[in-house]
Amino acid sequence: CSDTILVDVNPDVVLQHTSSNDTTVCSGESILFSNTGSLAGNYKVGENGAITNGTTATFTFVNTGTVVRQDTVFLTINGCSDTILVDVNPDVVLQHT
């Protein structure tokens, strides 16, 4: 006797990014994110962020505080996920007297 079991194997999900300075940006700068495969995925920034569907997503990071903030970008495809941490520097305000 013999039997066959079919198993679906999802590819590794690797989140890539393009920015002028790795994963540290100034407030107001954008980063283009993409995945290594050709499958569309769900991208979002933060646990409660709005979801962007597709093979790529561009997010603009804004920090109105006075210290560096760290945001997490999530990519989920077919139940598999990857994350990238992005340090967002605050706006620099130059004052003179």
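Author: A definition is needed at the outset: a residue is called buried if its relative accessible area is under 20%. The model discussed here is predicted.

Reader: What kind of aromatic pair do phenylalanine 33 and phenylalanine 59 form?

Author: Planes under 30 degrees apart count as stacked and those over 60 as edge-to-face, with the rest called tilted. The planes of phenylalanine 33 and phenylalanine 59 stand at 55 degrees, with 6.0 Å centre to centre. Because 55 degrees falls between the two limits, the pair is tilted.

Reader: How many residues apart in sequence are the parts that this pair ties together?

Author: Phenylalanine 33 belongs to strand β3, whereas phenylalanine 59 belongs to strand β6. These two strands also pair with each other, in the antiparallel sense over five bridges, and leucine 32 stands opposite threonine 58 in β6.

Reader: Which residues are linked into a cluster by ring pairs?

Author: The structure holds two aromatic pairs. Besides the tilted pair of phenylalanine 33 and phenylalanine 59, phenylalanine 33 forms an edge-to-face pair with phenylalanine 61, at 6.4 Å centre to centre and 70 degrees between the planes. Phenylalanine 61 lies in the loop between β6 and β7, 28 residues from phenylalanine 33. The cluster linked by these ring pairs consists of Phe33, Phe59 and Phe61.

Reader: In the largest nonpolar core, which residues touch the most other members?

Author: This core has 13 residues, and the elements that give two or more residues to it are β3 (30–35), β6 (56–60), β7 and β8. The residues that touch the most other members are Phe33, Phe59, Phe61 and Val86.

Reader: Which residues make up the covered face of β6?

Author: In a regular strand the side chains alternate between the two faces of the sheet. The uncovered face of β6 carries Thr56, Thr58 and Thr60. Phenylalanine 59 has contacts beyond four places in sequence that include Ile31, Tyr43 and Val73. The covered face consists of Ala57 and Phe59.

Reader: Which strands stand at the edges of the open sheet?

Author: Five strands form this sheet in the order β2-β8-β7-β4-β5, with mixed pairing. Each edge strand has a single partner, so one side of it is left without a neighbour in the sheet. The edge strands are β2 (24–26) and β5 (52–54).

Reader: In which sense do β2 and β8 run?

Author: Elsewhere in the sheet, β4 and β7 pair in the antiparallel sense over four bridges, and nine bridges join β7 to β8, also antiparallel. Three bridges join β2 to β8, and valine 25 stands opposite valine 88 in β8. The sense of β2 and β8 is parallel.

Reader: What value does phi of asparagine 78 take?

Author: Asparagine 78 is placed in the loop between β7 and β8, a hairpin with two residues between the strands. Its phi is positive although the residue is not glycine, and the value is near 50 degrees.

Reader: At what distance from the ring centre of phenylalanine 74 does lysine 44 lie?

Author: Phenylalanine 74 stands opposite threonine 83 in β8. Lysine 44 lies over the face of the phenylalanine 74 ring, and its distance from the ring centre is 5.8 Å.

Technical notes: Residues numbered from 1 in each chain as written. Predicted model: local features only at pLDDT ≥ 70, side-chain atom pairs only at ≥ 80, totals over all residues. Heavy atoms only, no water. Pairing = 2+ DSSP bridges. Core = buried A, V, L, I, M, F, W, Y, C linked by side-chain atoms within 4.5 Å. Buried < 20%, exposed > 50% of the residue type's maximum accessible area, 1.4 Å probe, protein only. Contact = heavy atoms within 4.5 Å. Phe/Tyr/Trp six-rings, centres within 6.5 Å; stacked < 30°, edge-to-face > 60°. Lys NZ or Arg CZ within 6 Å of the ring centre and 35° of its normal.
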